[in-house]
Amino acid sequence: MEAKITRILKEQVDPVLAAHYGGAILTGIEDGTVYVKLTGQCAACPSAGETLENVVKEILMAEIPEVKDVVLDRSVSEDLLDMARMILNKSK
């Protein structure tokens, strides 16, 4: 199911979000719940929740009957945290 979700995100969701300079990546699957992180401009958009519901969730649930829910992953990437730590350590 992971490969199918990734393919659908790339082929069907990303082209829609690209109009807003964004995209979507799969971050996890648990008991039929799919966790997705929005990228680019979509990641910081105040309407990210609506985008998830009206675009990502709608497409994934229509294409893959096993998907029970789609949840927005709002976690901060470890790469970004490392960069912030590096910047903070340099300022000391």
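**Where to begin**

In which helix is the place of leucine 80? Leucine 80 sits in helix α3, which covers residues 78-90; helices here are DSSP runs of H or I with at least four residues, strands are runs of E with at least two, and both are numbered from the N terminus. This is a predicted model, in which local features need pLDDT of at least 70 and side-chain atom pairs count only at pLDDT 80 or more, while totals for chains, interfaces and linings use all residues. Residues are numbered from 1 along each chain as its sequence is written, and side-chain values use heavy atoms, with hydrogens and water left out.

Leucine 80 counts as partly exposed because its relative accessibility is 48%, where buried means under 20% relative accessible area, exposed means over 50%, and partly exposed lies in between (1.4 Å probe, protein chains only). Together with Val76, Leu81, Met83, Met86 and Ile87, Leu80 makes a nonpolar surface patch of about 550 Å². Such patches are made of residues with over 30% relative accessible area and no salt bridge, with nonpolar side chains (Val, Leu, Ile, Met, Phe, Trp, Tyr) joined within 5 Å and like charges within 9 Å. The areas come from the Shrake-Rupley method with a 1.4 Å probe, and for residues only the protein chains shown count as cover.

In soluble globular proteins, nonpolar side chains tend to be buried together. The largest nonpolar core in this model has 20 residues, of which Val13, Leu17, Val36, Leu38, Val56, Leu60 and Val70 touch the most other members. Two or more residues of this core come from each of α1 (2-18), β2 (33-40), α2 (48-63) and β3 (69-72), and α2 gives the most, with six residues. A core of this kind is a set of buried Ala, Val, Leu, Ile, Met, Phe, Trp, Tyr and Cys residues joined through side-chain atoms within 4.5 Å.

**Charged pairs along the helices**

Side chains of opposite charge can pair when their charged atoms come close. A salt bridge is taken to be a side-chain nitrogen of Lys or Arg within 4 Å of a carboxyl oxygen of Asp or Glu, and by this rule the count comes to four. In one of them, glutamate 11 meets arginine 7 at 3.4 Å, N to O; the two are separated by about one helical turn because they are four residues apart in helix α1. In helix α3, aspartate 82 and arginine 85 meet at 2.8 Å, N to O, and being three residues apart, they too are separated by about one helical turn. Salt bridges that share partners join Glu53, Lys57 and Asp69 into one network.

Glutamate 53 is partly exposed, at 40%, whereas lysine 57 counts as buried, at 18% relative accessibility.

**A buried lysine without a salt bridge**

Lysine 37, found in strand β2, is buried yet has no salt bridge, and the nearest side chain of opposite charge, aspartate 73, is 4.1 Å away. Leaving out residues up to four places away in sequence, lysine 37 touches Gly23, Ala24, Ile25, Thr27, Asp73, Arg74, Ser75, Val76 and Ser77.

Note on methods. Lys and Arg count as positive and Asp and Glu as negative; His and the chain ends are not counted. Contact means heavy atoms within 4.5 Å.
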